[in-house]
Amino acid sequence: MESLEKNKLFWKVFFLLFVGIMIVTSIFAGYLLLLQKKSIIELLHSEGKSISQSISFVTSDALIIDDSSYLVEFNSEYIKNNDKLQNIIVAKLDKQYFNIEKKSWSYLNKIDASLLQMQKNTERYKIMYSPILKKRVFHYTYPIYFSGVHWGWLHLSFDIKDYDNKINELYLLFVYLFSTLIVAAFFISFYIANLFASPIIKLNQTATSIANGNLSVRSLIDRNDEIGELSNTFNIMVKNLEESQLKLRLSHEDLELRVQKRTQEVNKVNINLELKTKELAELNKNLDSKVKEEISKRHKHERMLIQQSRLAAMGEMIGNIAHQWRQPLNALGLIIQNIHFSYNNGVLTKDFVDDSMHKGVQLTNMMSKTIDDFRNFFQPNKQKEKFSLMATIDTTIDLIDAGFKHNNIKVKKDIGDEVSVLGFPNEFAQAMLNIFSNAKDALIENEINEGLINIKVYKEDIFGCIKISDNAGGIPSDIIEKVFDPYFTTKHQYAGTGIGLYMSKIIIEQNMQGFLSASNEEKGAVFLIKIPLFKDESLART
Amino acid sequence: MKSSVFFLIFLLFDTLYAKNIPFGLFAKNFHVTEKESSLALKIWADKLNNMDDLGITIKAKLYQDEEELYLDFIQGKVYFVSLPILTYLKYKKNLLKHTQQLYTFSISEHKTFITYYLIKNKMGKLNLDESSIKNIYFKKNESSAKLWLDNLMLKKYKVGYKRVFTKDYDLKKQSLLVYKVFFGKENFAVVPKGIYETIVEVNPQIKKNVEIIEKSENIFVSSVGLIHKSVEKEYKDKILLLTMDEKYEYLRKEAFEMSKIRTIELIDEKDLIDFENMYKAYTLLKSKVK
């Protein structure tokens with residue numbers, strides 16, 4: 001008990017229960033009281049209504065024929081025979097009022113305003129102070145209607161002694177009930193609070209002992225409910241804790257040994273680590289020189305690539321020059337043969353020599369121009385400039401047209417509007433040359449009798465587009481993804497370097513911010529080039 | 001078992017040999033309805049008959065015909081009777097031959113004889129002007145009131161009351177006599193003094209609207225009761241004790257209240273002489289006027 005008094009939980013539960021019971025019961029009792037009051041009032045109301053209906057029914061003729069004597073006489077008799085009824089007021093519409101009481105009656109010209117307020121079209125009732133009887137009464141006012149005509153009102157005042165007695169009895173009962181309830185609620189709350197709080201307090205005490213290090217204590221609550229289960233579980237927990245602590249102590253001792261051992265191992269590892277760190281530091285020192293070395297290698301490789309590309313281009317150029325020169329060389333040979341033949345036949349004249357020399361000079365000049373053309377063609381541009389796609393393509397085709405004709409390859413051009421782009425025209429021409437050369441090689445390799453290269457130039461959004469397609473059968477699907485890789489070639493080792501398309505892609509995409517892609521059509525390969533359109537001069541300058 | 005059988009035999013014997021006292025009352029003698037009179041009589045008789053050791057059995061009957069009641073009395077068929085005073089005067093000689101005691105019902109406390117008031121609304125006028133409407137109200141079956149008014153009008157106007165008043169009405173309730181005058185300016189009524197005073201007590205406003213214009217002598221009785229000579233003194237005294245003594249008020253209270261009777265008063269033949277003289281003078285006057 002002493003522990004309960006000191007325990008906050010117990011008092012909280014007790015207070016909560018006690019106040020809760022008191023509040024709920026008080027509300028319930030108050031509500032009952034209200035209901036009882038209402039019920040009594042309703043009973044009086046019912047009685048008032050019944051009496052009013054009887055009186056108005058019996059006195060209806062008297063009201064209609066204005067027989068005041070009968071009204072007074074009947075109501076005087078009526079009131080004598082009704083104990084509760086204290087007075088009857090017959091209020092006529094012409095403001096004649098007959099106030100009939102148990103031992104007297106009076107004829108009035110007016111009644112109190114509080115009574116007049118009750119005169120409505122429907123019945124009214126309430127407990128009020130009667131200005132006539134000078135006491136509290138239950139006042140009931142009934143509108144008198146016969147055949148739908150309003151004749152006046154009946155005021156009935158009932159003695160509320162019974163009502164007051166009943167209410168007082170109810171109040172007394174309520175007081176008794178409340179007193180009993182306080183005592184009962186006290187004991188019930190105490191019992192329930194004790195029932196709930198006591199085991200928790202015991203558990204708390206046990207837990208406190210355990211917290212203070214005494215693991216030998218146990219909860220002694222013996223119950224068949226959840227609290228009993230909690231107590232058992234708690235004891236099991238404490239037992240497990242005790243065992244765990246023992247194990248922990250043993251484990252701790254073992255751990256210390258293991259830590260010592262591990263520490264020794266770690267020390268060894270640390271020594272090794274220090275050595276490795278030193279090595280790493282050394283390596284870091286060398287890394288810079290190695291990176292530089294790799295970059296140098298990369299530059300060398302690139303230079304080699306460029307060299308190879310140049311050489312390839314040179315080869316191509318020489319090949320093309322050779323093709324270009326083939327015709328004039330034959331013509332020159334024929335001129336020389338004609339001179340020799342004319343001389344042998346004695347028909348060599350000065351005019352003939354002059355004419356032959358003139359033709360020879362023309363041919364040599366043309367051959368010289370061919371060399372100039374190729375030299376210009378391979379002269380790289382220094383900066384971006386506006387150039388016509390078709391004009392550059394025409395120039396490129398002119399350079400290799402002899403080769404095309406030699407191999408019976410036709411070039412078909414589909415050109416719409418003039419398309420000007422921004423970039424490096426010579427590099428672009430070199431890329432075109434690579435693509436045209438590859439087409440030509442494929443047509444030759446695949447032995448296409450009527451080789452055809454279609455060139456379509458058009459605009460698309462902000463790009464100028466060149467679509468180059470052939471009828472050489474297309475690129476095998478297993479290698480189409482690799483055609484732009486460096487050193488990838490399908491040609492014989494002596495015929496290709498594998499850097500033509502790689503360089504073309506570099507030129508179009510890195511140098512000119514365009515796109516180069518390869519795909520297959522029904523008859524052959526398609527190369528699509530997109531280069532940003534030229535917009536204005538200022539942009540051109542950048 | 002034995003004692004129970006003896007008790008039942010005793011009861012049977014007692015019932016068979018209890019003295020029968022027949023009562024005969026004229027129905028119209030009371031100031032209430034016949035139904036109320038009949039009920040009051042039955043209640044009273046039942047209460048007495050239910051008393052232990054009374055030794056008498058009351059047999060009460062309400063007569064509608066005063067002549068029949070008179071004949072039954074003189075033939076000794078009924079011992080206690082109540083007759084209208086005019087019937088008493090009519091058969092006085094013969095009745096008194098068979099009577100040992102007279103009595104009367106009083107409707108006011110300790111007032112054996114009645115004084116009548118002629119009342120009117122203060123707005124109304126009593127005259128012989130035929131153009132003015134004058135209604136006169138009486139209590140139903142109260143012939144002595146009409147007798148007094150007729151006598152009064154004969155003396156005053158030399159005509160019977162029916163020629164003075166436009167219309168006459170018999171009312172069942174005495175209180176209505178006063179109310180009618182109070183609420184109607186052309187109304188008049190003959191009302192017993194005791195009733196008038198009681199009603200004025202109930203509503204003093206009446207005095208403001210109603211005025212008493214004529215008062216009778218205090219000689220009228222509501223009825224005359226007669227006790228037959230054949231009734232033994234023992235039984236007569238017993239019955240008078242039960243009906244008059246305060247000790248036994250509880251036995252008669254309910255019945256008396258219902259029939260509006262206050263008390264029963266014993267009277268003598270001489271007590272009625274004044275009324276008898278008045279009646280004789282009235283009959284003479286009436287015969288002269290005719």
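The model is predicted, local features needing pLDDT of at least 70 and side-chain atom pairs pLDDT 80 or more, while totals for chains, interfaces and linings use all residues. Residues are numbered from 1 along each chain as its sequence is written, chains are lettered from A in the order in which they are written, and side-chain values use heavy atoms, without hydrogens and water.

The contact (heavy atoms within 4.5 Å) takes 14 residues from chain A and 12 residues from chain B. Within chain A, Ser69(A), Glu73(A) and Trp105(A) lose the most area to chain B. Two salt bridges are found across this interface, a salt bridge being a side-chain nitrogen of Lys or Arg within 4 Å of a carboxyl oxygen of Asp or Glu. Glu73(A) forms a salt bridge with Lys173(B), with the closest N and O atoms 4.0 Å apart.

Within chain B, helix H2 (residues 34-49) and helix H12 (residues 249-258) pack at an angle of about 175°, with their axes 8 Å apart. H2(B) is therefore roughly antiparallel to H12(B), the term applying to angles over 145 degrees. Axes are lines fitted to C-alpha atoms, for helices over the stretch in contact, and angles run from 0 to 180 degrees between N-to-C directions; helices are DSSP runs (H or I, at least four residues), numbered from the N terminus.

Technical notes:
Buried area is the accessible area (1.4 Å probe) that two parts lose on being put together, summed over both. Helices (H or I, at least four residues) and strands (E, at least two) are DSSP runs, numbered from the N terminus. Angles under 35 degrees count as roughly parallel, over 145 as roughly antiparallel, 65 to 115 as roughly perpendicular and the rest as oblique.
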